[in-house]
Each structure stands twice: as structure tokens, then as C-alpha cells.
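Visitor: I would like a close look at the aromatic pairs in this model. Please take me through them one at a time.

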Amino acid sequence: MSTTEMANAATLISSIQVFSSGWAAQHDEHRFGTRKPRLWWALTSRSWNKIPLNYFLIAHCNGPILFDTGLDPAIVSGPNYISSAIGRLLLRRIFQLHITEGDRLDRVLAKSGFDASDVHLAVMSHLHFDHVGGIAQIPQAKLLVSIGEWAQLLQPHPEHDWILREHIEIPGADWQPFAFRPTDGPLFEEFHGIYDVMDDGSMILLPTPGHIGLTLGHSSRQAKVIHFEIEMNPLHMLI
């Protein structure tokens, strides 16, 4: 992509906003890794690290686009949000979740002057429950996810990796797995392919493998680089 094309693509996005769906805490062993068996540290660890639960709204000229959808408050308020008893036990031992009904995606968007019904596209970095928790509030939206990440869902017992099928394959959800495409652009030569979300150069998805098979970075290429971290995955956003 030429300098002129990059400049033109930059004008298609007017803003990027960060929204919160509360916050969580993880054990040191979960956050930084350990050789201890997971069940052992889950039941015995007393150390916690606070982490934000953020997602993003990109104001594109064709309408608002979400990058992730945050956490669903029902995971705290609903006693059977996780169907298995052992899953509910481990959730309490592995995570501390701090979220209220006011943190639900549609209510958070409304506070900032957006209507959830106006969102017709959402990109999922990956399928963990704290990234897909708002999809029920945007039933009209296409949900983009990489084919590598979708394959994680199709494995036996994805819930062992906190991919909750019952809250992903919900009625009416319009999931659209995509494949990264090769590029000879020098800006992306270190990545194994890219995906142009709007096919206009304004938003490029980059594979950034992390604590699960494949996650995504979002790039709206304009002027400066912002580095942020979600769980153990470094994602890069060029704004």
C-alpha cells in the first residue's frame, strides 16, 4: 500500500474508543506461568493480579465496529451461566470478576451515545468468555473470527480453556470465520498474513499468537503506535 493509499485509509476512521466491562484478577501462576499443576495453584494460590476487561469501538465511516465485546455480567449474577459444577467451582478459584449490570455492552455503549443496534460488525480477538460476552446484545452484527480460533471451539471440551460453547453458538449468532491472506507489504513482513476488515485499508487484522492458539491485533494505520495487553497476549494497534 502506497503512502497516499495509507493516508486515504486513515481518513475513514474518525475515532477509537476504549470501553470497560469491569475488571478481573488472576493468580500470579496464571498470569506469569508456572510449572505447578493447574489444579494445585488454582486451589492453593493466594496471590492475585488485577487486569482490565476492555474492548474497543472503532468509528468507521460505514458505521461503528467493535473489537471484542467484553464480559457478560450474567457470569456473576447467573448461578448456572457455566453449565458444569466443576467449571463454576474453578471459575471462582481461578478468576475474581468484578462487573455489574451497568457494565453490560449495550448499556456501556448507550452511556457514550451509541446504540448497540447500530453495530453491524464485531471482530473477536479470540473466543475466551471475557472477550465474547457481549455478542447477545448485538444479534444483528456479523461476528468475525479467525479460522484458527474457530478451530479451538471445535475441539473436544473447549471449556477447559475457558471457551464456553453455549455462550458462543447462541441462536442467531452470525459467525464468519476468516483466513489470513499473504501480503508482500513491507509493513507486515513479520506477520503470517493479514486480513483487511473493510477491504479499504483502514483496519488490518494481524495474527499475534499468545496464550491460546491464535489471537488478533487490530491496525488502523495512521500516525502512532499504541501497545496494550489483554491477558497474556500482546496486541498492537497503529492509530
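Predicted model: local features only at pLDDT ≥ 70, side-chain atom pairs only at ≥ 80, totals over all residues.

Guide: A pair of aromatic rings is described by the distance of the centres and the angle of the planes. The count here comes to eight aromatic pairs. One of them joins F56 and F67, whose ring centres are 6.3 Å apart with 50° between the planes, a tilted arrangement. F56 belongs to strand β2 (residues 48-60) and F67 to strand β3 (residues 63-67), so this pair ties together parts that are eleven residues apart in sequence. F56 and F67 are both buried.

The rings of F95 and F129 have their planes at 85° and their centres 5.3 Å apart; because the cut-off for edge-to-face is an angle over 60 degrees, this pair is edge-to-face. Here the link is between distant parts of the chain, 34 residues apart: F95 is in strand β4 (residues 95-98), while F129 is in the loop between β5 (121-123) and β6 (142-146). Burial is judged against a limit of 20% relative accessible area. F95 has a value of 10% and is therefore buried; F129, at 5%, also counts as buried. Together with W162, F95 and F129 form one aromatic cluster.

Another tryptophan, W23, has a charge over its ring: the charged end of K50 sits there, 4.3 Å from the ring centre.

Key
Residues numbered from 1 in each chain as written. Heavy atoms only, no water. Phe/Tyr/Trp six-rings, centres within 6.5 Å; stacked < 30°, edge-to-face > 60°. Helix = DSSP H or I, 4+ residues; strand = E, 2+ residues; numbered from the N terminus. Buried < 20%, exposed > 50% of the residue type's maximum accessible area, 1.4 Å probe, protein only. Lys NZ or Arg CZ within 6 Å of the ring centre and 35° of its normal.
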